[in-house]
Amino acid sequence: MKIGRKRKGKAEIPTSSMSDIAFLLIIFFMATTKFDVKEGIKLVLPQATEKQEGEVQSLTLTEKEMTRLQITGDGQIMVNKEAPRVIESGELDTLIQKKVKENQDMIFKVITDREAKYSEMVRVVDRLKAAKIEKISLSTN
Amino acid sequence: MAIIKTKKNREAVIPTSSMSDIAFLLLLFFMVSTVFVQEKKFWVERERWPIAESIERIPRNHTTTIYVMRDETILIDDVPTRIESAEDVFVSTTLVRKKTDDPDLVVCFRTDRETKYGVMSDVMRQLQDANTLVVAFETQQRKD
């Protein structure tokens, strides 16, 4: 009597669904990935001055050399010694251009009230940056 | 008469054997580039940032972020602090350490647009004390 031997099947790992699994994982990572790019207004602050006698130089600048943009607590802007008023971004652009036309090396000093909103300062600095102004000074009162 | 042989139409097959290799390559890319941002207790949402037009991209590799909330809480290195007097120098001391580790440090501010400028001024003074002079105010891009 013949005893039938069982044929041994070749051992294989099924790989046909591998790409399905991989694509599922890709979709998950694509959906959850968020490229956190930092964007903003870049400035370089002046160095802190140590108050030592004879080392600190005081400089007096005239209106022809420096424009003061003073932001009040309620968001109004004083240009040099003018009365404070609400200045929209478009008007601010015109004003900056006018000042630059008067003096190419005009320094803009942004003086923000401690009670003023941070966004008001950013708005003014943004308009100055948009006008390619490099000499910007930040201070508070 | 010669017999004209008809060409057998072969079945069109798209090779899919390398599909999983491509998929895994893409998978590896996303796995490596993904950073899971954990929501912090103190978080200034993007919608709360000020809006600006003339913004520039800031390379991430030399940056540290300071969060300034509307209630004047400052968050640096996940540690909340406040500046109420001249003795509150946590920001300054932290930045001195960071500046030693990375001389090209850029300090990015993620500040709520409603925050009063006074607190920002105090923080910037401490930045000057720590000699970390390059700052960036993170803003949303104006959409119009």
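Start by selecting E120(A): with 22 C-beta neighbours inside 10 Å, this residue counts as buried, because the cut-off for that is 20 or more. Bear in mind that you're looking at a predicted model. Colour helix α3 of chain A, residues 118-130, and you'll find E120(A) sitting in it. Now show what E120(A) touches: leaving out residues up to four places away in sequence, the contacts are I71(A), G75(A) and T112(A).

Next, click on M121(A). With residues up to four places away in sequence again set aside, M121(A) touches I71(A), V110(A), T112(A) and A116(A), plus Y117(B) from the other chain. M121(A) also belongs to the largest nonpolar core, which has 44 residues. Select V124(A), I66(B), V68(B) and V123(B) too: together with M121(A), these have the most contacts inside that core.

Now for the contact between the chains. Select 38 residues on chain A and 44 on chain B, and you have both sides of it. On chain B's side, the elements giving two or more residues are α1 (19-33), β2 (56-58), β6 (106-111), α3 (117-129) and β7 (134-138). Highlight α1(B), which gives the most, 9 residues. Colour that side of chain B by residue type and you get 23 nonpolar, 12 polar and 9 charged.

Last stop: strand β1 of chain A, residues 38-44. β1(A) pairs with β2(B) in the antiparallel sense, over 3 bridges. Zoom in on K38(A), and you'll see I58(B) of β2(B) standing opposite.

Notes:
Residues numbered from 1 in each chain as written. Chains lettered and ligands numbered in written order. Predicted model: local features only at pLDDT ≥ 70, side-chain atom pairs only at ≥ 80, totals over all residues. Contact = placed C-beta atoms within 7 Å. Helix = DSSP H or I, 4+ residues; strand = E, 2+ residues; numbered from the N terminus. Nonpolar A, V, L, I, M, F, W, Y, C, P; charged D, E, K, R; others polar. Pairing = 2+ DSSP bridges. Core = buried A, V, L, I, M, F, W, Y, C linked by C-beta atoms within 7 Å. Buried ≥ 20, exposed ≤ 12 C-beta atoms within 10 Å, placed from the backbone.
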